[in-house]
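Trainee: Please take me closely through one part of this model, with the cut-offs behind each term, so that I can follow the surface and the charged side chains on my own screen.

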Amino acid sequence: MIQTKVSLLEEHANFLKKYKKYGFRNRSDLVREALFRLQKELEEQKLMASADLYAELFAEDEELVELTESAVVGWPE
């Protein structure tokens, strides 16, 4: 594993000291989990922004809306 040095606010350092309270074996496990969750959250935000952009572009393209609507006519509900 790679090691790195980081600077923390005192409140974050105090939080890390409580790693056992949150079910972690050590401070490193807690930090890795926090980074993993942040990474997933940022990726989800990026995906949602992309989906919103595609929805906006779709809504502005009348031909594409009509084509899509015609493709679902008679589709079983």
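Mentor: Leu38 is partly exposed, with a relative accessible area of 42%, where buried means under 20%, exposed means over 50% and partly exposed lies in between, judged with a 1.4 Å probe and protein chains only. This is a predicted model, in which local features need pLDDT of at least 70 and side-chain atom pairs count only at pLDDT 80 or more, while totals for chains, interfaces and linings use all residues. Residues are numbered from 1 along each chain as its sequence is written, and side-chain values use heavy atoms, with hydrogens and water left out.

Leu38 sits in helix H2, which covers residues 27-60; helices here are DSSP runs of H or I with at least four residues, numbered from the N terminus. Together with Val31, Leu35 and Leu42, Leu38 forms a nonpolar patch on the surface, and the four have about 340 Å² of accessible area together. Such areas come from the Shrake-Rupley method with a 1.4 Å probe, and for residues only the protein chains shown count as cover. A patch takes in residues with over 30% relative accessible area and no salt bridge, joining nonpolar side chains (Val, Leu, Ile, Met, Phe, Trp, Tyr) within 5 Å and like charges within 9 Å.

Turning to the charged side chains, the count comes to three salt bridges, each being a side-chain nitrogen of Lys or Arg within 4 Å of a carboxyl oxygen of Asp or Glu. Asp29, also in helix H2, takes part in a salt bridge with Arg25, where the closest N and O atoms are 2.8 Å apart, and in another with Arg32, where the corresponding separation is 2.4 Å. Asp29 counts as buried because its relative accessibility is 14%, whereas Arg25 is exposed at 67% and Arg32 is partly exposed at 36%. Arg32 and Asp29 both lie in helix H2, three residues apart, or about one turn of the helix. The side chains of Asp29 and Arg32 also make a polar contact at 2.4 Å, a term for a pair of N or O atoms within 3.5 Å in which, within protein, one must be able to donate a hydrogen and the other to accept it, with residues adjacent in sequence counting only if both atoms are side-chain atoms.

Arg37 forms a salt bridge with Glu33, the closest N and O atoms being 2.8 Å apart. Arg37 is exposed at 56% relative accessibility, and Glu33 is partly exposed at 26%. As for shared partners, salt bridges join Arg25, Asp29 and Arg32 into one network.

A negative surface patch is made up of Asp52, Glu56, Glu60, Asp61, Glu62, Glu63, Glu66 and Glu69. Helix H2 and helix H3 (62-71) are the elements that give two or more residues to this patch, and H3 gives the most, with four. In this scheme Asp and Glu count as negative and Lys and Arg as positive, while His and the chain ends are not counted; each charge is placed at NZ of Lys, CZ of Arg, CG of Asp or CD of Glu. Glu63, located in helix H3, counts as exposed because its relative accessibility is 67%.
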